[in-house]
Amino acid sequence: MTDHIVLEGVTRRFGAHTALDSVSLRLPAGSICGLLGRNGAGKTTLLSLIAGQDLPSEGTVRVNGHSPFEHAATLAGINLVRDNQRYPDDFDVRNVLSIAPSFLPHWDAELAEQLVAGFRVPRGRSIKKFSRGQLSAVAIILGVASRAPLTLMDEPYLGLDVNARRYFHEVLVRDVAEHPRTVILSTHHVEESESLFDRVLIVDEGRVLLDAGIEDIPDLAFAVSGRDDVIRDLTADLDVLRLQTVPGLASATVRGRADTEFIARAEAAGARILPVSVADLVTAYGTERTPEEARA
Amino acid sequence: MFTGTTPLFQQLATRLADDIVSGTYPEESAVPSATDLAVFFDLNPATASKGVNLLVEQGALYKKRGIGIFVAPGARELLLAQRRERLRADFVEPLVREARLLGLDPVEIERLVRDTIAKEPS
Amino acid sequence: MTSTLLTTAPTIAPTSTLGTHSKGLTMNPIFAVTRLHLTRRIMTFGLPVIYVGVVALLSIMISLISWRAGSQPGSEGWIAGSQANPGLVWALGGFLGYMGVASTATTFRFAITLGSTRRSFTLGTLLWNLIVATYLAAVLTALTAIELLTDHWFIGFYIFDIFILGYGNLLITFVIVLLGTLTLLTVAGVFGAAWIRFSNRGPILLGIGIGLVLIVAILILIPQAAEIAAAFRPWWLAVAAGVMIILASLGSWRMLRRAIIR
């Protein structure tokens with residue numbers, strides 16, 4: 001399979017601030033990929049570059065073999081509504097629905113109407129006056145109804161209530177199943193979307209720390225917990241991503257796979273080995289480096 | 001809805017198998033499409049397909065092109081046979097291990113099982 | 001437990017027939033941008049006319065004041081005074097400047113989100129500017145025609161039959177408004193682009209830059225000022241407008257090309 005998205009040595013600086021730091025990655029077509037990381041980790045910058053809405057300071061971005069920036073044919077197949085998207089003054093949802101088909105070749109007007117009703121977004125009120133949740137709904141409507149072969153969603157959960165979130169998942173899963181495409185969804189709320197992903201990218205401080213298929217996660221890390229001295233002893237030579245302690249007890253998230261020898265040692269010492277979830281991994285990578293190390 | 005220890009597609013397959021065995025989906029009846037299952041359980045569509053395909057490969061489900069997925073004739077018996085095979089490994093062996101750890105001898109273990117069967121309302 | 005969950009699964013199925021494809025509506029990317037601007041109908045077609053109306057009303061007020069002050073409608077002094085009044089330019093010019101800045105500044109981000117290139121955005125905006133300019137030229141030409149037909153509104157008020165609109169020559173009126181509006185909108189567009197590209201300091205620096213260029217040009221040309229004035233032909237203005245429109249569009253494109261969206 002040819003790679004859908006290829007980034008090579010991509011750095012993006014804004015003045016003195018480095019938002020992305022020599023990122024290289026390859027993503028295949030047709031997955032729902034979770035772009036995970038804390039606020040300010042570089043998620044929106046990464047999405048912007050993939051969407052051709054921005055140019056890297058260094059390195060190259062390719063989508064289907066083309067640099068997407070100013071490449072009309074490539075841009076027509078990409079949709080990214082940013083989490084802080086601005087709309088023209090006094091634009092309402094009716095305006096958005098009427099202009100979208102002029103730009104978006106795969107736009108489904110009927111689906112868009114259905115989503116507007118489903119999210120109960122007011123059609124005639126100025127978008128400027130929308131709540132955070134309503135803004136997210138408009139972004140989701142644009143993203144899903146665009147049917148763009150590469151649909152990028154930037155923090156779609158912001159401000160959504162439980163019902164809207166549930167509805168969003170229902171709509172996204174069904175539409176992607178019926179009209180397969182690549183979705184990259186950025187979020188810092190991992191738990192609520194974890195089961196949707198077949199691939200995850202974890203970014204922190206402008207670097208991609210993890211790029212893996214969901215089936216590989218059990219091989220990437222595990223957790224071991226028990227008496228603190230036992231845990232320290234067991235993990236002394238291992239790559240510990242995160243260590244949590246309370247007096248007498250410790251839990252370590254360790255990079256790699258627990259081999260049979262380690263499992264035997266752990267069991268003998270009375271420690272428990274547990275699989276990690278994607279949320280655990282994000283937390284572990286997010287706290288991996290101390291600020292001093294990160295700056296170095 | 002699903003827990004973290006086994007892969008999601010396997011958990012979905014297990015659920016479907018449970019429902020076939022219990023008779024929720026009789027033989028030759030349609031089961032929900034992979035898309036509906038994905039939507040319902042909040043799963044990636046590919047994951048749901050993988051779960052359904054696992055049962056198709058085992059012969060418990062079969063696909064009718066363009067119509068849907070159906071429970072195969074003999075699926076219940078097939079799944080029951082699989083479970084019988086696993087009964088020893090999944091339940092009996094752990095039981096014996098635990099009983100021995102507690103110091104029960106084989107006679108006592110046998111009695112325990114018989115008593116439990118006797119008390120079970122049939 | 002598990003079976004009850006699964007048996008209810010199909011009940012949410014009715015959402016499955018989500019929409020049908022409505023292909024074939026996608027436009028040429030440049031026209032799509034023009035249409036995006038046109039979606040703001042009140043801004044495009046309503047406000048300019050309202051503004052012309054307000055300016056006309058002000059002209060009438062001024063005429064009434066000078067009437068009360070003793071000037072006679074239709075007298076030579078009255079006509080000369082009315083026709084020389086440049087108020088229309090300042091009032092309408094200010095509004096068109098705002099319109100040009102706003103059309104670029106508030107629409108660019110959304111156009112990019114919809115997949116427009118920066119080049120298409122510049123060209124589509126230029127086309128929209130042309131539509132607005134043509135529309136306004138038609139409106140003002142029509143009003144001038146009515147003014148002439150009604151013998152200056154039956155009283156002798158000179159609102160559109162004025163020096164700055166070509167003394168009631170309808171063709172000249174149309175060309176002046178068309179080129180003037182187009183120039184104002186595109187030049188203002190550069191300021192909007194400068195704001196997107198360099199935020200607040202963009203328009204300030206651009207303004208200072210243009211001012212400096214003009215001063216230098218005047219310094220160079222001032223010794224020949226008398227000759228230039230003698231040789232001046234009105235079509236020079238049309239050429240100057242054309243040059244400014246082209247330069248402004250290129251400038252907008254250059255700035256938008258590297259503009260960061262945040």
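These legends go with close-up views of a predicted model.

**View 1. Two helices of chain C cross each other.** Here we zoom in on helix α6, residues 118-149 of chain C, and helix α7, residues 170-198 of chain C. Their axes come within 8 Å and cross at roughly 145°. The crossing of α6(C) and α7(C) is right-handed.

**View 2. Chain A is assigned two domains.** The domain assignment places residues 3-205 of chain A in domain 1 and residues 217-295 in domain 2. Taken over C-alpha atoms, the centres of domain 1 and domain 2 of chain A are separated by 34 Å. Each side brings a share to the contact: 10 residues come from domain 1 of chain A and 10 residues from domain 2 of chain A.

**View 3. A closer look at the boundary between the domains of chain A.** Domain 1 and domain 2 of chain A bury about 820 Å² between them, and carbon and sulfur atoms give 71% of that area. Which residues of domain 1 of chain A lose the most area to domain 2? They are Glu194(A), Ile202(A) and Asp204(A), and together these three account for 48% of what the domain 1 side buries. If you are looking for salt bridges across this interface of domain 1 and domain 2 of chain A, the count is 0.

**View 4. Chain C meets chain A.** In this view, 39 residues of chain C are in contact with 44 residues of chain A. About 3,900 Å² is buried between chain C and chain A, with 55% of it on carbon and sulfur atoms. How many salt bridges are found across the interface of chain C and chain A? The number is 0.

**View 5. Chain A meets chain B.** The contact takes in 15 residues of chain A and 13 residues of chain B. Chain A and chain B bury about 1,200 Å² between them, 53% of which comes from carbon and sulfur atoms. There are 2 salt bridges between chain A and chain B.

**View 6. A salt bridge joins Asp36(B) to Arg174(A).**

Terms used. Residues are numbered from 1 along each chain as its sequence is written. Chains are lettered from A and ligands numbered from 1 in the order in which they are written. This is a predicted model: local features need pLDDT of at least 70, side-chain atom pairs count only at pLDDT 80 or more; totals for chains, interfaces and linings use all residues. Side-chain values use heavy atoms; hydrogens and water are left out. Axes are lines fitted to C-alpha atoms, for helices over the stretch in contact, and angles run from 0 to 180 degrees between N-to-C directions. Helices (H or I, at least four residues) and strands (E, at least two) are DSSP runs, numbered from the N terminus. A crossing is left-handed if the near helix is turned anticlockwise from the far one by less than a right angle, and right-handed if clockwise. Domain bounds come from an automatic or database domain assignment. Contact means heavy atoms within 4.5 Å. Buried area is the accessible area (1.4 Å probe) that two parts lose on being put together, summed over both. A salt bridge is a side-chain nitrogen of Lys or Arg within 4 Å of a carboxyl oxygen of Asp or Glu.
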